[in-house]
Structure formats: structure tokens, C-alpha cells
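Thanks, everyone. Let me take you through one model. Please have the viewer open.

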Amino acid sequence: DSGVAIVGGNDYALQVRVGWGWRGGWARTRPFIPCRPACPWQVVPLAEGMPNRFRPAARLVAHSGKVTSLAMSADGHFAASVSMDFSLMLWPVRASDQYTASPESPDEVKPVCVAHPHRGTPTMVAWSPGDLSLFATASSDHDVACWRYAGSGAPRRVWKVDAAHGKLVSALCFGKGPSGPTLFTGSWDYTVKAWRHEEGAQPVRTLAGHTARISGLSVSADGRLLASSSADGSIRVWQAVDQLNCLCECVEEGRRRIATSIHAGGAIFASGSEDGCIRVWDFAAATGA
């Protein structure tokens with residue numbers, strides 16, 4: 001449901017917010033000095049104090065530790081969360097008009113399932129955009145696992161790989177369309193790995209090139225490109241299909257800033273940075289298309 005947003009925080013609770021979407025707007029300022037090879041635009045809010053168009057509708061309370069990651073199923077019926085309390089929880093999500101409580105007294109929602117998927121602290125959870133029952137988890141003990149959830153009962157583990165990376169797994173992302181059978185994982189060991197999510201066991205390819213921990217992964221809307229962000233200050237764009245080669249490294253001229261997050265769309269992708277700025281990049285410029 002496009003009118004529902006779920007947020008998590010350090011208070012151990014998740015919150016459902018409903019509304020009509022945020023229509024504040026963003027300004028795209030002049031390009032920075034051309035970088036190699038894409039040219040980003042800085043993104044800044046048009047104005048401070050824009051109206052909050054989402055209201056609290058429900059609180060999802062059960063975790064006893066900080067929520068580390070949250071993902072929504074593609075059909076919007078379930079949310080999955082992992083926490084520093086070592087748990088994975090699955091929550092029911094309703095359409096925005098089915099939450100009846102007031103913002104002052106939001107509905108209390110309980111999980112439909114609680115599991116402990118790893119020996120270490122779960123760090124990430126991601127839901128497949130093309131398979132409604134499939135999701136993946138990763139942990140501080142370097143493990144990665146794929147699961148199926150049929151809508152009731154406990155999730156069924158499809159596979160689990162111990163020591164999938166040499167260090168903490170910090171990013172998860174499923175492919176889309178032509179890359180749909182692939183699960184991408186990123187780690188503090190500086191690498192990105194590609195796995196066939198129905199097989200596991202051995203990675204299809206290890207993508208090396210970053211010189212610091214991986215902070216985010218995202219696949220383009222057409223499923224053909226993968227963008228990775230890193231604490232080395234760069235964004236790398238890779239083939240998400242075929243040979244999985246690196247097509248380019250995107251950096252700004254001058255000081256490198258730690259890239260904290262990444263999200264890919266159709267023609268553009270956006271990266272977050274330690275300096276508090278969001279930068280928007282052109283896929284065509286980045287890949288030479």
C-alpha cells in the first residue's frame with residue numbers, strides 16, 4: 001500500500017505511519033565538477049518545516065533491542081524486522097484505511113512469528129521483489145540465510161551459509177527481472193558476493209574493488225545493474241547479470257566522503273553520505289550508455 005510507511009528506531013519499536021505520501025519536493029542544484037565518469041547532483045530540501053503528511057497509525061512492539069533492519073514484502077502484506085535482541089520478527093501490515101486508532105493512541109500490533117535465525121546479531125533483512133514468500137537475513141557472525149514464509153506458521157529455511165563473508169555482513173539485495181535468481185551480499189571484508197538464492201552453498205561471483213566496508217547495495221529497476229556504496233567514498237556500478245563486471249567507479253573530485261547508503265531507480269541512483277547530503281547520479285553517464 002503506497003499510503004503506508006514503517007519506521008524503526010533505537011526505542012526497540014516499529015511504527016506504522018499512514019498518509020498520502022510526502023509531496024514537499026526537492027531541488028536539484030547545479031552539477032558538481034564532473035567526476036569519474038558520472039556527474040552527481042546535490043539534493044537539498046526546498047524548505048525546512050514542510051508539513052508531515054504521515055500520521056502514526058500503529059506501534060509494532062515486541063523487540064527488546066535496537067531494530068537493525070526492516071523490509072516489506074512485495075505485496076505489502078508483511079514486514080520483517082531484525083534486532084540486536086537476536087530475533088527476527090514477521091508482522092502483519094494492513095492497508096492504510098484499515099488503521100482506525102488516533103495518532104495519540106495508535107494501534108498495538110504483535111508479530112505473527114518470532115525466530116532466532118543466527119547465532120550472532122542479525123544485521124540485515126531483505127525481501128525478494130519478485131517472489132512474495134522469499135526473504136534473506138544476514139548477521140554479525142558472517143552468515144547469510146534464505147527463508148520462505150507461506151503466510152502463517154514459522155518461516156522455512158531454504159539454505160544457510162556459515163562464514164559467507166570474512167567479516168560482518170552489512171548489505172543485502174535481491175535481483176529483479178533478469179537478475180531475479182540472484183542474491184547480492186556486501187560485507188565489512190570489502191567484497192560483494194552474488195549467490196543463486198535457490199542454491200546457496202557457493203557464491204556465483206565475488207566482486208572485489210572497494211577498499212573499505214560495503215555500506216549498501218541496490219539493483220536498478222530493470223534488474224541489469226547493481227550499485228554498491230562503500231566507506232571508501234566511492235559508488236561502483238556493476239553488471240547484475242552475465243559476467244557481473246564492474247562498469248565504473250563513481251567518485252567526486254577532491255575529498256572522498258564515506259558513502260553510507262545507496263538506492264537505484266530506473267535512469268538514476270541516489271547515494272547518502274556522511275556529510276548529510278544525498279547525491280543523485282545518472283546511470284547512463286556512469287555506464288557510458
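Contact here means heavy atoms within 4.5 Å. Keep in mind that this is a predicted model.

With that cut-off, take Leu183. Leaving out residues up to four places away in sequence, Leu183 touches Ala136, Val144, Cys146, Trp159, Leu172, Cys173, Phe174, Lys193, Ala194, Trp195 and His197.

Now the core. Leu183 is among the residues with the most contacts inside the largest nonpolar core, along with Val144, Cys146, Trp159, Leu172 and Phe174. That core has 15 residues. Which elements give two or more residues to this core? They are strand 11 (122–127), strand 12 (134–139), strand 13 (144–148), strand 14 (156–161) and strand 15 (169–174). There is also a second, separate core, of 14 residues. Leu90, Cys113, Val125 and Trp127 are included in it.

Four strands form an open sheet in the order 6-7-8-10, paired antiparallel. Strand 6 (67–72) and strand 10 (113–115) are at the edges with a single partner strand each, so one side of each has no neighbour in the sheet. On average, neighbouring strands are turned by 15 degrees against each other, direction ignored. Strand 6 pairs with strand 7 (residues 78–83) over five bridges. One detail there: Leu70 has Ser81, in strand 7, as its bridge partner.

Strand 6, strand 11, strand 15, strand 19 (214–219) and strand 23 (259–264) each give two or more residues to the lining.

That's it. Over to you.

How values were computed: Residues numbered from 1 in each chain as written. Predicted model: local features only at pLDDT ≥ 70, side-chain atom pairs only at ≥ 80, totals over all residues. Heavy atoms only, no water. Core = buried A, V, L, I, M, F, W, Y, C linked by side-chain atoms within 4.5 Å. Buried < 20%, exposed > 50% of the residue type's maximum accessible area, 1.4 Å probe, protein only. Pairing = 2+ DSSP bridges. Axes fitted to C-alpha atoms, helices over the stretch in contact; angles between N-to-C directions.
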